[in-house]
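Reader: I am new to this structure and would like to go through it by question and answer. Please show it to me before we start.

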Amino acid sequence: DLSYSLNTLRGARRPLRVISLTQTAPDGSNTAAAAKTNYGATHAMLSRFRPDGSDWSIALEIVQTSTGRSLLRWNRIATRAGLAAQLFTLHSSIVEQTIQQFVLRAERKPQTLPREAYASYLQGLYYARIDWENASKAIPFFERVIASAPDSPLGHAGLAEALLGARYETGGQLYEGKAWIELGKAEQLGPETAQVYLIRGRLEAFASKHEQALADCRRATELAPNNAEAFIEMGNIYYVTHRPREAEAALQSAISAEPGYYAAYLEAGQFYYELRDFASAERYWLKSVRLGPLQTQARARLAQLYIAAGRLADAEAQIVESLKIARKQSTLQTLAALQDRQGRYDQAIASYEEAIRVGPPSYMIWAGLGVACRHARREAEAVRAFRNGLKFSLKGVSNYPREAESIAWCAYYYAKLDDIAHTRSLASQALAMEASPMPSARKLLVLAYDSIGDIESARRLLDGAPGELLKELTRGTELSPALRRDARF
């Protein structure tokens, strides 16, 4: 926030470039001398936060790098309850005094939130973006922001983001309509706000209006070039519209915008995993773990990769660390997949069932449960799981009718339920949308055709498949003996 405020000063009488903490942290630049050596900085801002009993002690100073002389100092004591509000006030003081110290004669962008709303805004963003599996918890925080700052677009934009997250979390369709209403209110208050463009882009992407979504996200990046979120959204849109080179470029731009933000590496890793470039995916996810050690998603995805690669001990290590942080659905689902691979079928079933209880609803999780039940010879439960998966998959197709992977999931579940006609019909639809399917859709269609005994169609899909996908299928437990005899395995 501070670097962004200083970088966006209006009418400054001399050039000012501020390098953010997220940009300097990865190379360990934490002294004035390092700032001068690594970035040619003329000045450095040093900060220290430390617990002081039940309070926080905060100290900052601006140092001239050529002499080491301290030009400005700030010292604050903040209670834990009042920390966010104190930081908001300190932020304003630093910007104003920096303008005076360097005789910039600049006009700072006006703050759009009062200090009493700032803590609620930060907590809302935490649930909407970090703990997104509980996005609905963000709603009351943004409602408080709106009550405290009715003229700010940020509260309404944040509430729209939370409502969209609640749509994913619960499957409740009413949330989407409410999100559009809140976005409309935000647009009236601040039409040229980066957050407004970003949320509109996300809502349009959810409605499969991809070109409109890309245009809005591009505008968001112009208004806030140091914010990774819009670049990440663009990367996701490019991927689902089969433009992998542009997706890769957008995700790399996200990393350049915020090199210390774990989510940029998380999404880059997912992109490479979907392409079955396991080495690149692992590298980015390990970086995400280092930058966000208390978030579980990167560890769960690393474990998923390690299972696919046959590195079960590495997968277990990541799962154990993730479970120490929280029992999230993604981690429990990956634990279940590991237990199934190890032949511990009853434990796998229990882990899948816990993951389903934790939520949010997911059509993918039922596949693992159904397979584990079949391995445990619990056929009635397997059929029930596959039927549930099909029900959720059909809802997914209604949300994403132009995505081949969603349709491939339906074909997969119909195959597991021995519905040959529907399997063939939906597999054909998916292939009509992608003649050369992306690896995840290709894998589902191979398994679908194999399940109904159409070995030749499965073999044709193996032509041109990435080598890592072939190895992943070989290590898995779902291929029939007939298909395993193919020379590629």
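**Helix, sheet and salt bridges**

Author: Helix 19 (residues 365-375) is largely enclosed by the rest of the structure, because nine of its 11 residues are buried. Buried means under 20% relative accessible area, exposed means over 50%, and partly exposed lies in between (1.4 Å probe, protein chains only). Helices (H or I, at least four residues) and strands (E, at least two) are DSSP runs, numbered from the N terminus. This is a predicted model, in which local features need pLDDT of at least 70 and side-chain atom pairs count only at pLDDT 80 or more, while totals for chains, interfaces and linings use all residues. Residues are numbered from 1 along each chain as its sequence is written, and side-chain values use heavy atoms, with hydrogens and water left out.

Reader: Which residues of helix 19 are buried, and which residue just after helix 19 takes a positive phi?

Author: The buried residues of helix 19 are Ile365, Trp366, Ala367, Gly368, Leu369, Gly370, Val371, Ala372 and Cys373. Just after helix 19, the residue with a positive phi, of about 60°, is Arg377.

Reader: What is the order of the strands in the open sheet?

Author: Two strands pair if DSSP finds at least two bridges between them. The edge strands, each pairing on one side only, are strand 1 (43-52) and strand 3 (70-79). The pairing in this open sheet of three strands is antiparallel, and the order is 1-2-3.

Reader: By how many degrees are neighbouring strands of this sheet turned against each other on average?

Author: Axes are lines fitted to C-alpha atoms, for helices over the stretch in contact, and angles run from 0 to 180 degrees between N-to-C directions. For neighbouring strands of this sheet, with direction ignored, the average turn is 10°.

Reader: How many bridges join strand 1 to strand 2, and which residue in the turn of their hairpin has a positive phi?

Author: Strand 1 and strand 2 run antiparallel and are joined by 10 bridges. One of the pairs is Ala44 with its bridge partner Val63 in strand 2. Two residues separate the two strands in the hairpin, and the turn residue with a positive phi, of about 65°, is Gly53.

Reader: How many bridges join strand 2 to strand 3, and which residue in the turn of that hairpin has a positive phi?

Author: Strand 2 (residues 55-64) runs antiparallel to strand 3, and nine bridges join them. Ser57 has Ile77 as its bridge partner in strand 3, and Glu61 stands opposite Arg73. The hairpin has five residues between strand 2 and strand 3, and the turn residue with a positive phi of about 80° is Gly68.

Reader: How many residues of strand 2 are buried?

Author: Strand 2 has 10 residues and is mostly covered. The number buried is seven.

Reader: Why does helix 11 count as roughly parallel to helix 13?

Author: Helix 11 (residues 229-240) and helix 13 (residues 262-274) pack with their axes 10 Å apart, at an angle of about 10°. Angles under 35 degrees count as roughly parallel, over 145 as roughly antiparallel, 65 to 115 as roughly perpendicular and the rest as oblique. Helix 11 is therefore, relative to helix 13, roughly parallel.

Reader: Which residues of helix 11 make the contact with helix 13?

Author: Contact means heavy atoms within 4.5 Å. On helix 13 the contact is made by Ala263, Ala264, Glu267, Phe271 and Glu274, and on helix 11 by Ile232, Asn236 and Tyr239.

Reader: How many salt bridges does a search of the whole structure find?

Author: A salt bridge is a side-chain nitrogen of Lys or Arg within 4 Å of a carboxyl oxygen of Asp or Glu. A search of the whole structure finds 29.

Reader: How many residues apart are Lys328 and Glu133?

Author: Their side chains meet in a salt bridge (3.4 Å, N to O), and both Lys328 and Glu133 are buried. Lys328 is in the loop between helix 16 (312-325) and helix 17 (329-341), and Glu133 is in the loop between helix 5 (115-130) and helix 6 (139-148). The pair links distant parts of the chain, and the number of residues apart is 195.

Reader: Glu182 and Lys185 meet in a salt bridge; which helix do they lie in?

Author: The N to O distance of this salt bridge is 3.4 Å. Glu182 is buried, with a relative accessible area of 10%, while Lys185 counts as partly exposed at 36%. The two residues are three apart, about one turn, and both lie in helix 8 (residues 174-189).
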